[in-house]
Amino acid sequence: LHMGKTMKEDLTVVVKYIKQLYPPEFNMFSTYAELYHNYFASQAKKSAESPLEDKDIYLLLSWVHNIYPKDMRKDHVLAEELEKVKLGSLLPSSLSKELEKKYLDGEEVTIKNSLSKCLDKEIQRWKEDKEPEKLNGHFQSELLAIFVIQSIYSGQKRARDISAAVGEELSHRLSTELPAFLKSYKDAFEDFKEKSKKHRYYKPILIANINNCWNFRDYADKNMAEKDDNKANILSTLGDIENSGFDVLLQQLFAQLKPIYKKFTENKWDSSNEIMNEIIKTTSKHISDFRTLKDPFYQAIVEKIHARLVKEYIVRLLKRKVSLKTPAQQQNLAQNVSKNAAELEAFCTSNGSQATWLNSALPKLAEIIRLQDLGAIKIEVATLATTYPDIRKRHLEAFLHIKANLSRSELKSILGYLADSTASTLPGTPLFSNINVS
């Protein structure tokens with residue numbers, strides 16, 4: 001710094017006051033500039049060849065790539081004169097490259113170590129007998145994502161400040177660091193999930209970890225190219241963490257709902273309204289706990305619940321426990337199914353579900369139960385298959401057990417119609433393919 005300041009100030013004096021005292025052919029400014037440069041370069045070379053700490057390497061590279069060529073040689077007083085003097089770089093190219101490699105190796109190790117320590121601290125926090133902090137009503141460990149992203153971003157920025165090429169090389173080296181960190185994070189999360197079920201704040205910690213995924217998602221979406229394999233790996237790992245957390249959070253609810261759903265067939269759908277009220281009441285208690293999830297995750301979990309509620313209802317309709325011979329009995333069941341479907345839809349929608357693709361499944365099934373005309377039933381079946389292309393013959397056959405007044409030939413005719421109109425590809429959001437028919 002002292003040499004740089006001295007060189008800049010002295011050459012400024014040469015330009016302003018000394019140069020004009022000599023004839024032009026003396027090249028007075030060039031003589032001074034070359035002498036100063038050669039001395040500065042020899043000192044820089046001596047420094048570069050001695051043992052240096054990481055911060056010293058960074059500072060020396062900053063002089064070589066930035067401060068000397070940009071701040072000093074582009075100074076408004078000196079620039080014009082220095083353009084005429086070919087001074088070259090402060091360091092030979094080979095030595096500069098050697099320094100860059102040392103810097104990149106050190107920076108890479110430093111960032112890896114800091115991410116590893118950060119994860120260790122996070123795991124320690126999970127083990128403490130403390131509830132995670134809340135921000136805007138959501139559990140989270142905000143510092144984890146901020147520290148990890150900041151470590152990688154700051155490293156990349158520091159390297160870019162040396163030069164674009166050094167920045168690019170470090171970015172390339174660090175490109176696999178975030179996916180690797182998230183893989184370790186996922187493993188630690190799975191370990192906690194399996195071994196700490198009796199932890200006092202087990203669920204809040206799970207929710208905080210699901211919420212942590214949002215900042216990583218946001219970073220990947222905004223800073224990584226769509227076709228980048230690392231981005232795909234990052235989003236895949238985050239999806240695994242989120243879904244793994246959702247599964248645990250929903251376990252208790254789904255276990256409580258199972259015996260309630262059984263009551264539909266046990267009571268031949270006679271008290272279906274009371275049963276649906278019990279399902280909604282039980283689900284409501286759990287949904288209130290999930291409001292500590294960030295909005296995208298809360299919506300995702302509510303839609304998982306919505307899909308499960310519809311699926312479990314369909315499972316009961318496919319159990320072959322009810323067989324109704326008269327149109328009046330079928331009409332009555334269809335009304336109950338329609339009413340239950342409306343209540344279920346209203347409940348899920350009011351709690352934030354946007355899974356509107358689920359809403360027509362039960363009303364369409366109710367309509368098939370209600371209809372008596374064979375042609376009308378076929379049309380409704382075709383519509384159902386268009387909306388839910390993963391429905392298969394086995395599903396429809398089990399469901400049509402309800403309509404005991406269909407002859408074998410009529411049943412065969414309806415099933416054949418489904419085979420003709422069912423798409424071969426499964427939808428992105430399957431419903432029936434998740435239902436096994438016994």
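A disulfide is a pair of cysteine sulfur atoms within 2.5 Å. By this criterion the structure, a predicted model, holds 0 disulfides. Cys213 is in no disulfide, and the nearest cysteine sulfur, that of Cys118, is 14 Å away. Cys213 is buried, with a relative accessible area of 0%, where buried means under 20% relative accessible area, exposed over 50% and partly exposed in between (1.4 Å probe, protein chains only). Cys348 also counts as buried, at 2% relative accessibility.

Residues are numbered from 1 along each chain as its sequence is written, and side-chain values use heavy atoms, with hydrogens and water left out. Because the model is predicted, local features need pLDDT of at least 70 and side-chain atom pairs count only at pLDDT 80 or more, whereas totals for chains, interfaces and linings use all residues.

A nonpolar core is defined as a set of buried Ala, Val, Leu, Ile, Met, Phe, Trp, Tyr and Cys residues joined through side-chain atoms within 4.5 Å. The largest such core has 131 residues, and those with the most contacts inside it are Phe216, Ile314, Leu317, Leu362 and Phe399. The largest share of this core, 13 residues, comes from helix H10 (residues 229-266); helices (H or I, at least four residues) and strands (E, at least two) are DSSP runs, numbered from the N terminus. In soluble globular proteins, nonpolar side chains tend to be buried together.

Leu317 lies in helix H12 and counts as buried at 2% relative accessibility. Apart from residues up to four places away in sequence, Leu317 touches Trp269, Val337, Leu362, Leu365, Ala398, Phe399 and Ile402. Leu317 and Leu400 are 83 residues apart in sequence, and their C-alpha atoms are 9.2 Å apart in space. With neighbours within four places in sequence left aside, the contacts of Leu362 are Val310, Tyr313, Ile314, Leu317, Val337, Ala341 and Leu344.

The structure holds 16 aromatic pairs. Rings of Phe, Tyr and Trp (its six-membered ring) pair if their centres lie within 6.5 Å; planes under 30 degrees apart count as stacked, over 60 as edge-to-face and the rest as tilted. Phe181 and Tyr185 form a stacked pair, at 6.2 Å centre to centre and with 15° between the planes. Both residues lie in helix H8 (residues 177-195), 4 residues apart, about one turn of the helix. Phe181 and Tyr185 are both buried. The pair of Trp269 and Tyr313 is edge-to-face, because the ring centres are 5.9 Å apart and the planes are at 65°. This pair links distant parts of the chain: Trp269 is in the loop between H10 and helix H11 (272-289), and Tyr313 is in helix H12 (residues 295-317), 44 residues apart. Trp269 is buried, with a relative accessible area of 2%, and Tyr313 is buried, with a value of 0%. Ring pairs also link Trp126, Phe181, Tyr185, Phe192, Tyr202 and Phe216 into a cluster.

A charge sits over a ring if NZ of Lys or CZ of Arg is within 6 Å of the ring centre and within 35 degrees of the ring normal. Arg308 lies over the face of Phe254, at 4.1 Å from the ring centre.

The expected span of a helix is 1.5 Å times one less than its number of residues. Helix H13 (residues 327-350) has 24 residues and reaches 34 Å from its first C-alpha to its last, close to the expected 34 Å. Its buried residues are Gln330, Leu333, Ala334, Asn336, Val337, Asn340, Ala341, Leu344, Phe347 and Cys348. The cover over the buried residues of H13 includes H10, H11, H12 and helix H14 (361-370). Just after H13, Gly352 takes a positive phi of about 105°. H11 has 18 residues and reaches 27 Å from its first C-alpha to its last, close to the 26 Å expected. In H11, the buried residues include Ser272, Ile275, Met276, Thr282 and His286. The buried residues of H11 pack against H10, H12 and H13.

Gln140 is found in the loop between strand S2 (138-139) and helix H6 (142-162), and counts as buried at 7% relative accessibility. Ser151, in helix H6, counts as buried at 13% relative accessibility. With neighbours within four places in sequence again left aside, Ser151 is in contact with Ile111, Ser114 and Leu115.

Terms used:
Contact = heavy atoms within 4.5 Å.
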